[in-house]
Amino acid sequence: MYEIIDKYIEKLMTSSPDMPLWNIESIKHGKKPSWNYIDGCMTASLIELYKTTNDLKYLNFVKKFVDYYVDDDGFIKGYSKEKFSTDDISESRVLFDLYAYTKEEKYSKAIELTYSQILEHPRTKEGNFWHKLIYPNQVWLDGLYMAQVFYTRYQTERNKKNYADIINQFKNVYNIMRDKETGLYYHGYDSEKTMFWADKKTGLSKNFWLRSIGWYTVALIDVLSYLDEQMYDEYATLKKIFKEIVDSILKYQDEESKMFYQVPNFPKRDGNYLETSGSAMISYACLKGARLHVLPERYAQIGLDIFNGICNKYLTVNESNDLNLGGICLVAGLGPNDNLRRDGSYEYYISEPIVENDAKGVGPLIMAYTEVLRLK
């Protein structure tokens, strides 16, 4: 199976930076090249593959890809901090690696440019980053991955080690967005309780969405991997939150495929389906959590079973002998007010397109793959 995965990755690495094969949204809508979290999923996964295999082709590919966007002065093509989008912070995490490997100052300058957004990013009354300027006063689970991993790396690698703000944002999400009965987290929270999709008493969206839970779970394990463990109390707090969400989502695992459903708590409901991206994120979190001893060792096998289940179900060869990864929800969100279809209902989540080869699924699968390789 692993030879097939390597072949599949090679296929995707024929991409050009201005229109990568894995960015299905850009292809469908003809978007201009920009610094975005979708490409960030892929570049971050290939950096990890380089760290695991020491094969320079992965590092060289990422460097060439990023150099299309980052100029010698550290300006980033297609990035504007004034949009205050947590999504746009995500890809900048690879800049730390490129700077460490090359010592080229442009990457350091681009890191500082991105960090300037962190310093100015608007916040809810509880202290969490708005998901985007166009989503005011809103926290989405996705955003914890998009912003906090970069933020933590900056604090650790630039010798700030001021983690209180980061930890507090996770604590707020735990206290507000976690459903005590299931242990799962709602996709979104409106601190002003005014959005059409938000409950007027709690400010929460209506349902649990698998990929948002996946983003949150990956955010926790990646942040834990970059935290200074000497801050033991706070490290222990995040470790507890991480294990709780992993154990909670595992209750909804499909027995046969070992995967999870798009809306995880309604597995048998009409239209629901086993979804690749969120399942891959949970696989990665279990594997990495076990490797870092944040989870007991037995979780490595759980993560491996999920990984194998995804590959068996959705990594397929078509009539042209071409490899494709299917079962990926293209996108899902909440609002804004001029998009009433995105209302957080069950019907909404199952209505979004299901696609092949999008990096929101491919990137997490490669991340899980890097952890599988480390098991050998």
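**Exercise 1.** In which loop does proline 336 lie?

Solution. Keep in mind that this is a predicted model. Find β7 (328-329) and α14 (346-349); proline 336 sits in the loop between them. Next, check the peptide bond that joins glycine 335 to proline 336: omega is about 5°, and the bond is cis. For background, most peptide bonds are trans.

**Exercise 2.** Work out whether the radius of gyration of the chain agrees with that of a compact globule.

Solution. Start from the residue count, 376, for which a compact globule would have a radius of gyration near 21 Å. The chain has 19 Å, which agrees. Now look at the spans along the principal axes: the C-alpha trace covers about 50 × 50 × 45 Å. Then turn to burial, where buried residues account for 61% of the 376. Finish with contacts: of those between residues at least 6 apart in sequence, 71% join residues at least 24 apart.

**Exercise 3.** Compare the span of helix α7 with the expected one, then find what covers its buried residues.

Solution. Helix α7 runs over residues 105-120, which makes 16 residues. At 1.5 Å a residue you'd expect 22 Å, and the distance from the first C-alpha to the last is 23 Å, close to that. Now for burial, with under 20% relative accessible area as the cut-off. The buried residues in α7 are Lys106, Tyr107, Ser108, Ala110, Ile111, Thr114, Tyr115, Ser116, Gln117 and Ile118. Their cover includes α4 (56-67), α5 (87-90), α6 (93-102) and α8 (141-157).

**Exercise 4.** Sort lysine 103 and lysine 161 by loop, phi and accessibility.

Solution. Lysine 103, in the loop between α6 and α7, has a positive phi near 60°. Its relative accessibility is 55%, so lysine 103 counts as exposed, the cut-off being over 50%. Lysine 161 is in the loop between α8 and α9 (164-177) and also has a positive phi, about 55°. With 40% relative accessibility, lysine 161 counts as partly exposed.

**Exercise 5.** How far apart are the mean positions of the positive and negative charges of the chain?

Solution. Count the charges to start with: 47 positive and 53 negative. As for the surface, the accessible area of the chain is about 14900 Å², with 49% belonging to carbon and sulfur atoms.

Methods. Residues are numbered from 1 along each chain as its sequence is written. This is a predicted model: local features need pLDDT of at least 70, side-chain atom pairs count only at pLDDT 80 or more; totals for chains, interfaces and linings use all residues. Side-chain values use heavy atoms; hydrogens and water are left out. The radius of gyration is taken over C-alpha atoms; the globule rule is 2.2 Å times the number of residues to the power 0.38. Buried means under 20% relative accessible area, exposed over 50%, partly exposed in between (1.4 Å probe, protein chains only). Contact means heavy atoms within 4.5 Å. Accessible areas come from the Shrake-Rupley method with a 1.4 Å probe; for residues, only the protein chains shown count as cover. Lys and Arg count as positive and Asp and Glu as negative; His and the chain ends are not counted. The place of a charge is taken as NZ of Lys, CZ of Arg, CG of Asp or CD of Glu. Helices (H or I, at least four residues) and strands (E, at least two) are DSSP runs, numbered from the N terminus. The expected span of a helix is 1.5 Å times one less than its number of residues.
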